[in-house]
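This report describes a two-chain model, taking each chain in turn and then the contact between them.

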Amino acid sequence: MKYMLMMNTPAGGPYQIASWPAQDIKAHIAFMMNFAKKLSAAGELVAAEGLSGPDEAKRVRADASGQPITDGVFPETKEFLAGYWIVDVESPERAYAIAAEASAAPGSGGKPLNLAIEVRQVMTGPPTDWTPDS
Amino acid sequence: MIPRLDNSAQDRLRDLAPKVLGALLRRYRDFGGCEDAVQEALIAAAMQWPTQGVPDNPKAWLITVATRRLTDQIRSETARRLREQLVVSLIPADEQIALAADAAGVNERDETLDLYFMCCHPALSAASQVALTLRAVGGLATGEIARAFLVPEATMAQRLTRAKLTIKSAGAAFPELTPADRAARLPVVLKVLYLIFNEGYTASGGDQLYRVDLSTEAIRVARLLIRLLPDDPEVGGLLALMLLTDARRAARTGPNGELIPLDEQVRSSWDRARISEGERILQRALSWGTTGPYQIQAAIAALHDQAENSAATDWVEILSLYELLLRFNDSPMVRLSQAIALAMVDGPAAGLLALDDLAVDPRISTHHRLDAARAHLLERAGQHAEAIRYYRQAAQRTMSTPERNYLLLHAARLSDSLAGALCPPTT
């Protein structure tokens, strides 16, 4: 079963990587690289991506003619998606264990960030024997 | 364009994979090494045969190439490993082949069979058993397996490598299994094949064109297994179940992948050839008596396949088959199916009562299937408002996109007609 693990970080929260000392940034990056490598070696990694910061984000809506209307950054955004992993695992418990490991990524001063990781199961196609009558 | 083997030639080539691997293992024992060598030989065949023609003895050709790859591999490995295996690399390749080919005979069947058991080693996770079976027995390349499961090739390669290491560290080089061992481990093999079959339905996304069809693959591998175990009633039961279920494939989804439940399927588009083949295999399997759950599930599938429509289905027989199935597999899912069959025989009220019993079983009480079954029976009982509530609850709980869409649409249609009944359109 596949799960998406989303690292949501609060604006103004502990994930202000730009303000950390070099050594902490390095440790954080090394942790993330190694984490993805470990998931791949375990045969569990489907995808992992980090997203650019909210300063670069745009919100797009269609206007009446279907053309994009682009809005700029929203300083009031309370939480934003910093990155995600998709893993293919044997059980929900294993997905939670991976999420806990991601949550403990080192932050400023090398202390664990303990960010909340949102875990959502990826939907599948139809089950083979689904019939209301059998 | 690079010439390719057509599909039936591909299948014939893959059918040889377990025999070639069995022959190599008989001599060299090292599962990981032999398995890699056979993979390389299969790739070489797929590349060379379309231009150079299929050799007179394809199996011997594959054994020759795989043996060369294995000896190359051994030569290029570490000195320690080299010393251990020196004797192998000193035997000229041709001589090794002669030995392997001569030795093939009475034991070939058991050795090919033991490959199934090796891939379904109890120390492996279900996902690893599935991947390894597809590669070693099914002869699929790592990339093909990865695409079928919609994971990156590197991830699947790691899963296979780890599986082989697990087998190695569990000390199962290529053990001689007794008939009793084989009988004890066969249910795991059958379960793995059934998992592969079901995965063919549930895998979603990706480009279908470039994906191996896992359900077809499971049927192919089960056919290989029944050649090795022609008299095993459950092997026959499983193959029959797959064929009798797969026969309905074209009818079970609409043009946009939407789910069409059994009672709404256009039965003329069911595959009659698959159904007759499944019935023939089931009849043979049942001639040894009813000995296991796959036979019973196949018998239920056959009754559906034989009926003109839902109303003409022999629900009394299906109900008694579910009761029999419970003796082998007392699971809440079987009880749920039994409750639905009961509703078809004795009416929705009887079915709903049976569902009440299941609602207190923590293994299924929050499962979307229970909600969907309740919704369906409530609808049949004319309690539409309640039915809508349970259809929506089931839609929230399912992990399948087409199933969610089906349940939501069904609830919406009921809700629309309720609204229509309350406020008739003014004309």
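## Confidence in chain A

The mean pLDDT of chain A is 86, and 90% of its residues reach 70 or more. Over residues 130-134 of chain A the pLDDT is below 50, although this stretch has 19 contacts in the model beyond near neighbours in sequence. Where pLDDT is low, the predicted coordinates should not be read in detail. The model is a predicted one throughout.

## Fold and dimensions of chain A

Two helices and six strands make up the secondary structure of chain A. Read from the N terminus, the order of elements is β-α-β-β-β-β-α-β. Among contacts in chain A between residues at least 6 apart in sequence, 73% join residues at least 24 apart.

How does the radius of gyration of chain A stand against that of a compact globule of 134 residues? The globule would have a value near 14 Å, but chain A has 18 Å. Taken along the principal axes, the C-alpha atoms of chain A fill a box of roughly 60 × 50 × 20 Å. Of the 134 residues of chain A, 22% count as buried.

## Chain B

Chain B has 20 helices and zero strands. Of its 427 residues, 42% are buried. For contacts in chain B with a separation of 6 or more, residues 24 or more positions apart account for 62%.

## Helix α13 of chain B

Helix α13(B) covers residues 272-286.

Which residues of α13(B) are buried? They are Ile275(B), Gly278(B), Glu279(B), Ile281(B), Leu282(B) and Ala285(B). An α-helix has 3.6 residues a turn, so residues three or four places apart point the same way.

## Contact between the chains

The contact takes 36 residues from chain B and 21 residues from chain A. On the side of chain B that touches chain A, the helices that each supply at least two residues are α7 (126-137), α9 (153-169), α10 (179-202), α14 (293-306), α16 (332-346), α18 (368-380) and α20 (401-422). The most comes from α9(B), with six residues.

By class, the side of chain B that touches chain A has 18 nonpolar, 14 polar and four charged residues.

Terms used. Residues numbered from 1 in each chain as written. Chains lettered and ligands numbered in written order. Predicted model: local features only at pLDDT ≥ 70, side-chain atom pairs only at ≥ 80, totals over all residues. Contact = placed C-beta atoms within 7 Å. Helix = DSSP H or I, 4+ residues; strand = E, 2+ residues; numbered from the N terminus. Nonpolar A, V, L, I, M, F, W, Y, C, P; charged D, E, K, R; others polar. Expected span 1.5 Å × (residues − 1). Buried ≥ 20, exposed ≤ 12 C-beta atoms within 10 Å, placed from the backbone. Rg over C-alpha atoms; globule rule 2.2 N^0.38 Å. pLDDT = per-residue confidence, 0-100.
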